[in-house]
Structures are given as structure tokens and as C-alpha cells.
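Biologist: I would like to learn how to read a structure like this one. Could you take me through some features, giving the general idea and then the case here?

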Amino acid sequence: MKKVYLMFLTVILLLIGMGSNSAFAAEKYEEKITAMLENLYRFEYGILYDIEQSDPEVGKEIKIKLDKDTMAKASALYTDIYTKKPFNTEKNDNSLILKYKIGSKEIKKISKNLFGKSLKVSDIKSDMICGYTDLYNDAKEGCFIQRYLNQNRGDATGIYPYITDVTQKGKKYIANKLCFFTVSGKEIPDEVRYLISYTLKKSSKSKNGFVISDMIVVKLDLDITDAERYVLMLSDVDGDVLPIGLEMSYGTDPFYPDTDQDTIYDYIEVYNGKNPLDPYDVDGGDTDSDIDWDGLKDYDEILVYGTDPMKSDTDDDGLSDGMEIKYKFDHFNMDSDNNGVKDGDDSIRPTYVFHARKLGWKFDEYLQAAGE
């Protein structure tokens with residue numbers, strides 16, 4: 001009973017200390033602000049990694065100084081490295097080390113949208129080592145993110161936000177992100193939770209409409225309940241059909257569906273006995289997995305047709321990808337014959353017979369198609 005009382009007292013004190021006692025829910029902006037902060041997880045991991053090493057006092061507010069160095073680091077780590085090709089790849093025993101270049105142009109654009117500041121590579125004064133994606137500003141190689149893929153650990157972040165709420169107080173907006181945190185990335189710890197609290201204000205300098213003005217971190221001494229653990233382990237943040245529990249087990253990235261960037265989603269590789277952490281471990285598609293049940297093999301969807309293997313109807317026209325491929329519809333166009341009617345609706349109307357004849361099908365083929 002004492003533990004429960006202390007838990008609630010801690011939360012109440014935190015809320016009072018952050019000035020959110022008089023705030024009201026800013027539902028109008030919650031989705032936009034949450035999306036804006038979502039890709040900060042690599043930067044947040046580095047911050048929490050350093051804080052955890054110092055064994056911080058529970059309940060004490062740790063204000064993160066948002067100087068040029070810190071904001072430039074956050075902007076560099078905010079970059080979507082999965083859209084980039086590594087400029088250097090090193091293989092060492094069971095590990096792959098991938099390096100991605102980050103330029104001043106990218107940092108300037110991101111920093112302006114996050115903080116309302118136009119920062120550059122030279123503003124990064126020190127490296128940020130956080131164990132799975134490290135940030136370096138090297139005199140020879142320039143600014144780059146070094147990412148580690150290891151068969152035994154992979155790219156597991158070890159930071160799993162499960163509550164983000166946004167409240168408003170006057171002209172400021174407070175976004176609280178409650179996180180599980182673990183250095184290993186292999187398991188959810190029993191007690192280590194952190195509250196990351198961002199203060200934002202409206203700004204025309206950012207395409208998001210908001211900029212970050214303050215960042216506070218608080219370590220919480222709250223037990224993780226079985227219910228919370230269950231929900232977290234089953235959640236699928238990146239939509240690759242692997243829940244976080246399995247992502248942690250395999251060492252894959254729970255925030256991106258294709259950890260090793262070989263164009264094959266993590267689940268498909270796991271299902272087919274391939275290594276989701278090795279971009280060179282890809283076969284010719286001789287397996288039969290069909291995640292979305294559309295009648296097309298996952299490998300064929302990715303490598304042959306270009307359809308989404310996680311979605312049975314890529315173009316949302318009411319016909320499955322398998323049906324469209326089989327009956328020669330355009331699987332990227334919901335209205336293949338441009339008659340103003342979705343293909344899925346065409347297939348259940350009399351006009352379908354006319355269009356089938358136009359495509360050169362025999363009588364029994366288009367009757368069968370109409371029936372299906």
C-alpha cells in the first residue's frame with residue numbers, strides 16, 4: 001500500500017513541478033506534436049544512456065541544455081537514415097557497421113523545424129556515443145551516423161515510448177513522453193522508466209507550426225505492471241507484423257520494418273528463415289509466405305510487382321493485389337480504365353463484362369472473375 005501511495009505521490013509532484021496542474025488537453029495539436037517528436041528516439045536514447053550511467057536521483061528534474069551542440073546533434077540523429085545508402089560498410093566477425101553521411105543542408109532544415117534555429121555541421125562540437133547509433137563529426141570523413149548491426153543484438157533501441165500526451169499552459173505546450181529504457185535492448189526492465197518532457201511554442205519558422213524550447217528528463221521509480229508489459233510486448237510500432245517483444249528477441253529495429261535495408265521486411269525474413277540483420281542474406285524468393293493473404297508471395301510482391309506485402313489491396317480499390325495481377329488490372333491505379341468507377345466497384349457492376357471484353361478475355365474467364 002505504501003508503494004502505491006508513493007507511486008501516485010511521485011507522479012503528482014512531477015506534474016506540479018512541471019507546471020501542468022493548470023494545463024488542459026491540447027487535443028487539437030496532439031497528433032501534430034506527437035508526430036513531430038516521434039523521430040527523436042535516437043537522440044533521446046543517447047541522452048538517457050548518459051543519464052543512466054550517472055545513476056541519477058529518482059524524481060529529480062534534469063534539464064537538458066539546448067545549446068547549439070545539443071540541438072545540432074538532435075537534428076543530425078533525427079535524419080531518416082533508412083532513406084540513405086551507407087557511404088561505408090565494414091564487416092567484423094558477426095557484425096556490420098554502416099556509416100551514413102549527414103550534411104549541413106539536412107541539419108539546417110531539420111533544426112529549423114525542430115528548434116527554429118538554422119544550425120550546421122560545425123555546430124556539433126563533440127561526438128554522441130550511445131551504443132547502437134553513434135554520431136561523429138570527423139575531420140576527414142565529415143559528420144556521419146555509425147549504425148551497428150549485430151546478429152546477437154541488432155539495432156534494438158532499448159527505448160520504448162508508450163505514452164505521449166500534450167497539454168497546454170498559456171502560450172506553451174507541454175509534451176510528456178513516458179518511456180521504458182534498457183541499455184541492452186534485449187528485455188524490458190522492471191523499474192527503469194523515464195519521463196521526457198518537452199516544452200514547445202507556436203512558430204511560423206517551423207513547418208510543424210511548433211518549435212522546442214525546453215527539454216526536461218526525470219527518472220521514475222515506478223514498477224512496470226504486467227498489463228503494461230503485455231501491451232508493450234504485443235505492440236507493433238513499425239507495422240512489420242513483428243511485435244516489440246519479438247523485435248527485442250531478434251534484435252531488429254522496432255521503429256523501422258526493414259532493419260538491414262535489403263528491401264525485405266523483418267517479418268518476412270524471420271518467417272522464411274533468413275537473417276533480418278544481414279542485407280546479404282536474401283534468397284531468390286523460393287519460399288511461399290503470404291503475410292497479407294492476397295494470393296501473391298511476399299518476395300514476388302517486393303521484387304516483381306512492387307506491391308505492398310503487408311497490405312492485400314495496395315491501391316485501395318476493393319480488389320486484392322492477387323486479383324489485379326491475375327486479371328491484368330493496374331494494381332497501382334484504383335480506376336484502371338479511367339471510367340470514374342473504382343476497379344472493385346467495376347467488378348460487381350454490369351460494365352465489368354464490357355471492360356473484360358475490351359481486355360480480350362474469353363467469356364468464361366470474365367464470368368469467373370466477376371464471380372470472384
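Modeller: Gladly, and we can begin with helices. Helices (H or I, at least four residues) and strands (E, at least two) are DSSP runs, numbered from the N terminus. The expected span of a helix is 1.5 Å times one less than its number of residues. Before we use that, note that this is a predicted model, where local features need pLDDT of at least 70, side-chain atom pairs count only at pLDDT 80 or more, and totals for chains, interfaces and linings use all residues. Residues are numbered from 1 along each chain as its sequence is written, and side-chain values use heavy atoms, with hydrogens and water left out.

Biologist: What span does helix H3 reach from its first C-alpha to its last?

Modeller: Helix H3 covers residues 41–53, which is 13 residues, and reaches 18 Å, close to the 18 Å expected at 1.5 Å a residue. Just after H3, Asp55 has a positive phi of about 50°.

Biologist: Which residues of H3 are buried?

Modeller: An α-helix has 3.6 residues a turn, so residues three or four places apart point the same way. Buried means under 20% relative accessible area, exposed over 50%, and partly exposed in between (1.4 Å probe, protein chains only). In H3 the buried residues are Tyr41, Arg42, Phe43, Glu44, Tyr45, Gly46, Ile47, Leu48 and Ile51.

Biologist: Now for charges. How many salt bridges does the structure hold?

Modeller: Side chains of opposite charge can pair when their charged atoms come close. A salt bridge is a side-chain nitrogen of Lys or Arg within 4 Å of a carboxyl oxygen of Asp or Glu. The structure holds 8 of them. One joins Asp316 and Lys311 at 2.9 Å, N to O; Asp316 is partly exposed at 41%, and Lys311 is partly exposed at 31%. Salt bridges that share partners also join Glu90, Lys99 and Glu141 into one network.

Biologist: Where is Asp266, and how far away is the nearest side chain of opposite charge?

Modeller: Asp266 sits in helix H8 (residues 266–271). Lys and Arg count as positive and Asp and Glu as negative; His and the chain ends are not counted. Asp266 is buried yet has no salt bridge, and the nearest side chain of opposite charge, Arg147, is 7.5 Å away.

Biologist: With which side chain does Asp266 make a polar contact?

Modeller: A polar contact is a pair of N or O atoms within 3.5 Å; within protein, one must be able to donate a hydrogen and the other to accept it, and residues adjacent in sequence count only if both atoms are side-chain atoms. The side chain of Asp266 makes one with the side chain of Thr259, at 2.8 Å. Thr259 lies in the loop between helix H7 (244–250) and H8, and is buried at 0% relative accessible area. A polar atom of the Thr259 side chain is also 2.8 Å from the backbone nitrogen of Asp253.
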